[in-house]
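Have the sequence and the model at hand, and follow along from one part to the next.

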Amino acid sequence: MHSFMGGGLFCAIVGNILLVVSTATDYWMQYRLSGSFANQGLWRYCMSGKCYMQTDSIALFKVATYWNATRAFMILSAMSCFAGIIAGILSFAHFSAFERFNRSFAAGIMFFVSTLFVLLAMAIYTGVTVNFLGKRFGDWRFSWSYILGWVALLMTFFAGIFYMCAYRMHECRRVVDPR
């Protein structure tokens, strides 16, 4: 049981770090604009060594909306992953006051919620980028911040799996050996 929780905690911590790095960095997409390379993230875009804030304009209202949705889901994902990490750490301690509340189950649920949020963020960004921005910029590609988001999705998903396995092992032991 503790090995599942340890593996889940490792995946969750790595996943949370990847979520924060992915959300904060400016390399979700790279493209060529006017002969020079440019890149953009959720918060800024950079051209010729200078970075500028993503601004909301009337012409790009759809794009600004999807940036906001992607940002919100990435932040919610990182927050629910962090809450799962706290619950996961607390699941190592056995307090008699919380006999009916299983913290490993709660941690697993929080990691699955985090996975759902990052999946929504990545799906929104992918859909709008391919259908709108990809047509606007001819020579473009997804970059490493975007890839870190997908890796974070896998890490939070496996953290949830590990904690659910730990919960099932605990429940099986409780049924076999009731106290």
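Two strands count as paired if DSSP finds at least two bridges between them. Keep that in mind while looking at this model, which is a predicted one. Strand β1, residues 29-33, and strand β2, residues 36-40, pair in the antiparallel sense over five bridges. With two residues between them, β1 and β2 form a hairpin. In its turn you will find Ser34, which has a positive phi of about 55 degrees.

Strand β2 also has a partner in strand β3, residues 44-47. This pairing is again described as antiparallel, and it runs over three bridges. Here Ala38 stands opposite Met47 in β3. The two strands β2 and β3 form a hairpin as well, with three residues between them.

Now step back to the whole chain. The protein has four helices and five strands. Read from the N terminus on, its elements follow the order α-β-β-β-β-α-α-β-α. Among the contacts with a separation of 6 or more, 72% are made by residues 24 or more positions apart. The protein has 179 residues, and 41% of them count as buried.

Next, look for the cysteines. How many disulfides does the structure hold? It holds one, and this disulfide joins Cys46 to Cys51, with an S to S distance of 2.0 Å. The torsion about the S-S bond of Cys46 and Cys51 is about 100 degrees, so the disulfide is right-handed. Are its two ends buried or exposed? Buried means under 20% relative accessible area. Cys46 has a relative accessibility of 9% and therefore counts as buried. Cys51, at 36%, counts as partly exposed. Two further cysteines to find are Cys11, which is buried with a relative accessible area of 10%, and Cys81, which is buried at 0% relative accessibility.

Last comes the surface. The accessible surface of the protein comes to about 10000 Å², and 71% of this belongs to carbon and sulfur atoms. Which residues make a nonpolar surface patch of about 420 Å²? They are Ile13, Ile17, Val21, Tyr27 and Trp144. Helix α1, residues 2-24, gives the most to this patch, with three residues. Trp144 belongs to helix α4, which covers residues 144-176. With a relative accessibility of 40%, Trp144 counts as partly exposed.

Conventions: Residues are numbered from 1 along each chain as its sequence is written. This is a predicted model: local features need pLDDT of at least 70, side-chain atom pairs count only at pLDDT 80 or more; totals for chains, interfaces and linings use all residues. Side-chain values use heavy atoms; hydrogens and water are left out. A disulfide is a pair of cysteine sulfur atoms within 2.5 Å. Buried means under 20% relative accessible area, exposed over 50%, partly exposed in between (1.4 Å probe, protein chains only). Patches are made of residues with over 30% relative accessible area and no salt bridge: like charges are joined within 9 Å, nonpolar side chains (Val, Leu, Ile, Met, Phe, Trp, Tyr) within 5 Å. Accessible areas come from the Shrake-Rupley method with a 1.4 Å probe; for residues, only the protein chains shown count as cover. A salt bridge is a side-chain nitrogen of Lys or Arg within 4 Å of a carboxyl oxygen of Asp or Glu. Contact means heavy atoms within 4.5 Å.
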